[in-house]
Amino acid sequence: MIQSLLKRLFLLALFVSPTVSYGQMFSVNDDDERRSNPFAPYLRIGLEPINFSFTGDPNSLQGDPSLGFTGTAAHISFESGGLNLGVSLGNDMTSLSDRNYFDLSIKFVNPFYFVRKPNFGLGVPIQLGTKVTSVRSDEISDEFSQTNLHAGAGGIAQLFFPDKFGITAQFIPSFGFSTASGGLIGGNVFSMRGKARVNFYNLIFGRNLSLGYDYIFDSYDIDGDEYDYDFTGHLLTLGISL
């Protein structure tokens with residue numbers, strides 16, 4: 001699994017170089033850049049209500065209950081330009097009953113703007129991402145452990161008011177492939193990602209604060225039916241610039 005993930009990270013690294021291009025759409029004065037840089041990286045923490053539901057053939061479970069659950073996970077992420085690295089963790093401490101949930105996601109987004117104004121931008125974002133998802137239960141012998149690699153394109157809109165605040169909203173459907181640990185079982189995954197950010201510049205002690213919402217949907221169609229699940233998450237985060 002580690003070797004497979006490293007291969008995916010290498011492919012993602014090839015995609016990251018153009019992501020800084022859109023960061024120059026709006027100018028930032030040198031004197032204010034450190035104080036209220038709208039493109040500063042953010043550290044984000046938050047909560048993620050999750051619905052993980054089984055969509056396969058119940059007969060494929062051989063009498064065992066599914067790993068589906070509804071609950072909340074804790075989240076921490078690093079966000080800089082088109083790069084987002086996030087980790088979510090759920091267990092009894094986060095209100096998950098008899099479930100252990102973990103995911104590690106890495107996404108690169110490179111937007112191509114066809115409308116560029118001093119305070120407004122509209123374009124098409126290209127996204128490439130990978131996500132490792134694990135769901136376990138002490139009462140179920142099997143586990144859900146999938147690594148997916150997906151790519152897609154959608155729409156993005158940006159509003160920017162220097163030294164005050166900025167708003168970004170985007171939505172990206174994508175399609176990819178998913179494999180289990182060891183690569184023995186695989187299939188397809190259809191994903192949708194929505195993101196909204198409201199960033200307030202130079203709000204507290206020269207730092208930017210950010211309110212964030214992410215909509216996350218992954219539909220797994222894995223060989224064998226017993227690993228066919230739909231994942232829906234609503235991630236609420238608070239970020240501070242670094």
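**View 1. An aromatic cluster in the predicted model.** One aromatic cluster is formed by F52, F54, F69, Y101, F144, Y220, Y229 and F231. The structure is a predicted model, in which local features need pLDDT of at least 70 and side-chain atom pairs count only at pLDDT 80 or more, whereas totals for chains, interfaces and linings use all residues. Residues are numbered from 1 along each chain as its sequence is written, and side-chain values use heavy atoms, with hydrogens and water left out. In total, the structure holds 12 aromatic pairs (rings of Phe, Tyr and Trp, the last by its six-membered ring, with centres within 6.5 Å; planes under 30 degrees apart count as stacked, over 60 as edge-to-face and the rest as tilted).

**View 2. The pair F69 and Y101.** The ring centres of F69 and Y101 are 5.9 Å apart and the planes stand at 55°, so the pair is tilted. Because F69 belongs to strand β2 (residues 69-80) and Y101 to strand β4 (residues 100-116), the pair ties together parts that are 32 residues apart in sequence (strands are DSSP runs of E, at least two residues, numbered from the N terminus). F69 is buried, with a relative accessible area of 8%, and Y101 is buried at 1% (buried means under 20% relative accessible area, with a 1.4 Å probe and protein chains only).

**View 3. The pair F160 and Y201.** With ring centres 5.8 Å apart and planes at 55°, F160 and Y201 make a tilted pair. F160 lies in strand β7 (residues 155-161) and Y201 in strand β9 (residues 186-204), so parts 41 residues apart in sequence are tied together. Both F160 and Y201 are buried.

**View 4. K131 and the ring of F231.** The charged end of K131 sits over the F231 ring, 3.9 Å from its centre (NZ of Lys or CZ of Arg within 6 Å of the ring centre and within 35 degrees of the ring normal). F231 is one of the residues of the aromatic cluster.

Conventions
Helices (H or I, at least four residues) and strands (E, at least two) are DSSP runs, numbered from the N terminus. Buried means under 20% relative accessible area, exposed over 50%, partly exposed in between (1.4 Å probe, protein chains only).
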